[in-house]
Amino acid sequence: MFNKTEENAVRYRRAQSVTKAEEITEKEKKARKSQLDKPCHKPRDSLFSWSSEFTNFTGLVNWGFLMLTIGGLRLCLENFLKYGIRVNPFEWFIVLTGHNEGYSHQYPSVILLIFSVVPAVTCLLIEKAIAVEILSQKLGVSLQIINMVSEISLPVIILYFKGTQFSFVGITTVCTIYLVLFLKLWSYCQTNHWCRLGMKGKQYKNTLRRQSLSAPNWNELVNAEHEQTLEDEKHDFVSAGLVKYPDNLTLKDLFYFLLAPTLCYELNFPRTTRIRKRFLIKRIIEVVFGVNLVMALFQQWMIPSVRNAVDPFSEMGIVKMTERLLKLAVPNHLIWLCFFYLSFHSFLNLMGELLHFADRNFYSDWWNANNISVFWSSWNMPVHLWAVRHVYIPMTEIGYTKGSASIVVFFISAFFHEYLVSVPLQMFRVWAFLGMMAQPPLSVISRVVEKKLGARWGNIIVWSSLILGQPLAIMMYYHDYALAHFAPQQ
């Protein structure tokens, strides 16, 4: 009681002090206004001082965008003056269609893409065999693992024997599709496994609950009640329009999932009721325009910059290498941003609209990320959800620490990043792998910077890693590729 009275007294004295200070300030203002010299000064901070609390810098932001635009136009003019017009849509058609692949126009990349249906259907057949108890759970899981490992290894094996028949774009497309298929099949098998475990758990609980019956025919009664329960649950699911395991094990359900813009399988995806025609037309235009823009930037700007960067990099001149790195960073980052919008907004929304897929959370506000870990959990939401649902959470549930689970997630991501680069280039390097494995320590550094210097500096580190890290990796791979394929033989 005494403490509360004392606190109230202190608050009262503080309130009186503030009131007196305000009264004195008002009196000083009135006294200054009444002076004959017409005073025009008063206590104020400069706008760039933190104590001024000024936050409206819209004009400076506009100035920054204008300077970036002028700088970009200057770079474009410099590029045109130095290299001429390199954009050739006919070459795009040849590259994208794989016109020069194989012998007698066999298009081996197209054949491999068609063959990708085989491991998907094999996965479905194994799941149906497990569901009807033709295969045991252990044998079925083993067959699924063999099927998925064979599927992801097939491009590597084919490329080893028939590497000269593939174009770079063709085998890159094959590796990308096979990797996406691998992640989808992983999710498909694991989700159906969870359904089986859930059904067995319900049956076990029902059996334990009914074993206390004293009727002589209690086994028949248990079976009858269990069948009635299953029928009631099935009726509830049907009335709600939901699919229940194992009714989901159909070709229609599997191929819908394979085409849907997600890596995580569910028995009942959220669906939209109609296709928005205006939205669909906008996404189609964006995809067509975006592909042409990316190809034009790549042909006109990226390829000459990469070729010019090889000589200074091989000579290991620090100043020249830094200059080429910074010069390569601009077109690379611009193409990366265009590719992000083209892939995660235009194309995935296009597929989602066509398939009535309602969950369009393909990316979050990664551009506001204050540290590396926030960036990796927000820029590619389909992969992030897959990693959390199928790797991170299962590992933590069986006793691994969150740190260990995070390291495993980054290891898997690093492996597949290297897979998407080394396999199409037909040379094994570890630059992409090391770049991804450097993300956990870089994440710790960015968090320390965010905590010590503020969120703005953490965001600057995120952008710096994106702008400078990718062109450095490109320079390293192209340098090694040029030495392996274009260097003169001694």
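1. Cys189 is buried, with a relative accessible area of 10%. The model discussed here is a predicted one, and this should be kept in mind with every value that follows. The closest cysteine sulfur to that of Cys189 belongs to Cys123, and because the two sulfur atoms are 3.3 Å apart, they are too far from one another for a bond; the cut-off for a disulfide is a pair of sulfur atoms within 2.5 Å. In keeping with this, a search of the whole structure finds 0 disulfides. Another cysteine, Cys264, is also buried, at a relative accessible area of 9%.

2. Turning to the aromatic residues, the structure holds 27 aromatic pairs. One of them joins Trp366 and Phe375 in an edge-to-face arrangement, with 6.0 Å from centre to centre and 85° between the planes. Trp366 counts as buried at 3% relative accessibility, and Phe375 is buried as well, with a relative accessible area of 3%.

3. Phe375 also takes part in a pair with Trp379, and this one is stacked, with a centre-to-centre distance of 6.0 Å and an angle of 5° between the planes. Trp379, at 14% relative accessibility, counts as buried. Why is one of these pairs called edge-to-face and the other stacked? The labels follow from the angle, because planes over 60 degrees apart count as edge-to-face and planes under 30 degrees apart count as stacked.

4. Trp366, Phe375 and Trp379 belong to one aromatic cluster, whose other members are Trp336, Phe340, Phe344, Tyr363, Trp367, Trp376 and Trp463.

5. Helix α4 spans residues 108-115, and its buried residues are Pro108, Ser109 and Leu112. Seen down the axis of α4, these buried residues fall within an arc of 105°, and therefore they line one face of the helix. On the other side of α4, Ile111 and Ile114 are exposed.

Methods:
Residues numbered from 1 in each chain as written. Predicted model: local features only at pLDDT ≥ 70, side-chain atom pairs only at ≥ 80, totals over all residues. Heavy atoms only, no water. Phe/Tyr/Trp six-rings, centres within 6.5 Å; stacked < 30°, edge-to-face > 60°. Buried < 20%, exposed > 50% of the residue type's maximum accessible area, 1.4 Å probe, protein only. Helix = DSSP H or I, 4+ residues; strand = E, 2+ residues; numbered from the N terminus. Arc of directions from axis to C-beta.
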